[in-house]
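Good morning, and thank you for coming.

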Amino acid sequence: MTRTLLTIGLLVGTASGQTIDLAATAATDGRIAEYQITGSFAEIGLDPDGLYDVNDPGTQFQAIDLFPNEAAFGLGALSYDNSALAGVGTETVPVTGIDLSSLWSSGSATTDISDAALGLWFFDAPRSFQFGALDAADTVTFVNGVIQSVNLTIDASFVVDYSFAGAATAYDGVFSITGDTFALAIDEIEFDVQTFLGPVPASRFELDISGRIASIPAPGTAAGLALAGLLATRRRRG
C-alpha cells in the first residue's frame, strides 16, 4: 500500500465549500488489540471495555473504559465543493478536505471515541493516527439538494513508538465512509519491532471500529427528504 500521510487535523477547504460535521455512534462489536507487546484487547460491547487477554478473553488485566463516548462522539469534519450544485436531480461533487482530529485523542478531549486510556495501555508511548490523501473518487452525492451519501476511502495508520527513542512503528489500514456509515480497519503485522524491553520479532495490531454518521441521513430517509424538498419547491412555484 502506498502511503501519503497527512497530520491529523488538516482540513483543506475551498472558498465556495461547505462542511459536514461527522458526529457518529459506534457499533458494539468494535475492538482494538495488540497481540505480542501488550497481549491484550478491548471491545466496545464489553463492560468494562478492557483490557482482556487476547489468548483468554475471559481474563481481564485491568478495568479501563477505553471507549467512554461510543454512543456519541465526533469523527471530525468533511468539506466539499458546492459551487456547481444546482439542487435538482442527482449530483455528485468532490470531497475537498477531511479533518479526523476528533476521532481519537491522546489527550483530554471529551467528545472523541476514547481518551488518554489508550496511552496507559501503550505504556504512555508516543502515538498518533495518521491519514492519507484524498483523490477524485472521494465524493458527496446529493438528490434534489439533500445529502444522499458520502463515498470516501483513504489510507490510515496507527503509529506508535514502543522504544521511546524515535523508532516508530506504523500499522497500516483504511478509513472509509460509505453512505452514512464509517469504518476504520487496521490489521497488520510489523516485524522486528524495537521496544523499551528489547526487540520483538513480530507485533500484530488490530483495530476494527465502525458505526453510523448521524449528520448523513440513512438511505431511505435521504430519499424521503429529497422528495419532500422537491414537492415543497413545486408547491411554491405553483
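Let us begin with Thr38. Leaving aside residues up to four places away in sequence, Thr38 touches Phe61, Trp121, Phe122 and Phe123, where contact means heavy atoms within 4.5 Å. This is a predicted model, in which local features need pLDDT of at least 70 and side-chain atom pairs count only at pLDDT 80 or more, while totals for chains, interfaces and linings use all residues. Residues are numbered from 1 along each chain as its sequence is written, and side-chain values use heavy atoms, with hydrogens and water left out.

Thr38 lies in the loop between strand S3 (31-34) and strand S4 (40-43). Helices (H or I, at least four residues) and strands (E, at least two) are DSSP runs, numbered from the N terminus. Is Thr38 buried or exposed? Thr38 counts as buried because its relative accessibility is 16%; buried means under 20% relative accessible area, exposed over 50%, and partly exposed in between, with a 1.4 Å probe and protein chains only. The side chains of Thr38 and Trp121 are also joined by a polar contact of 3.3 Å. Such a contact is a pair of N or O atoms within 3.5 Å; within protein, one must be able to donate a hydrogen and the other to accept it, and residues adjacent in sequence count only if both atoms are side-chain atoms.

Next, Glu43, which is found in strand S4. With a relative accessible area of 22%, Glu43 is partly exposed. Beyond four places in sequence, Glu43 touches Thr28, Asp29, Gly30, Arg31, Asp49 and Phe67. Between the C-alpha atoms of Glu43 and Ile32, eleven residues apart along the chain, the separation is 6.6 Å.

From S4 we can follow the strand pairing, where two strands pair if DSSP finds at least two bridges between them. S4 and strand S5 (residues 50-53) run antiparallel and are joined by three bridges; Ala42 has Gly50 as its bridge partner in S5. The hairpin between S4 and S5 passes through six residues. S5 in turn runs antiparallel to strand S6 (residues 56-64), again with three bridges, and Asp53 is partnered by Asp56 in S6. Two residues lie between S5 and S6 in their hairpin.

Now the whole protein. It has two helices and 14 strands, and 45% of its 238 residues count as buried. Of the contacts with a separation of 6 or more, 63% are between residues 24 or more positions apart.

What does the largest nonpolar core contain? It has 53 residues, and those with the most contacts inside it are Ile32, Leu75, Leu78, Trp104, Val140, Phe175 and Ile177. Strand S11 (residues 146-160) supplies the largest share of this core, seven residues. A nonpolar core here is a set of buried Ala, Val, Leu, Ile, Met, Phe, Trp, Tyr and Cys residues joined through side-chain atoms within 4.5 Å.

Finally, confidence. The average pLDDT, the predictor's confidence in each residue from 0 to 100, is 82, and 82% of the residues score at least 70. Where pLDDT is low, the predicted coordinates should not be read in detail.
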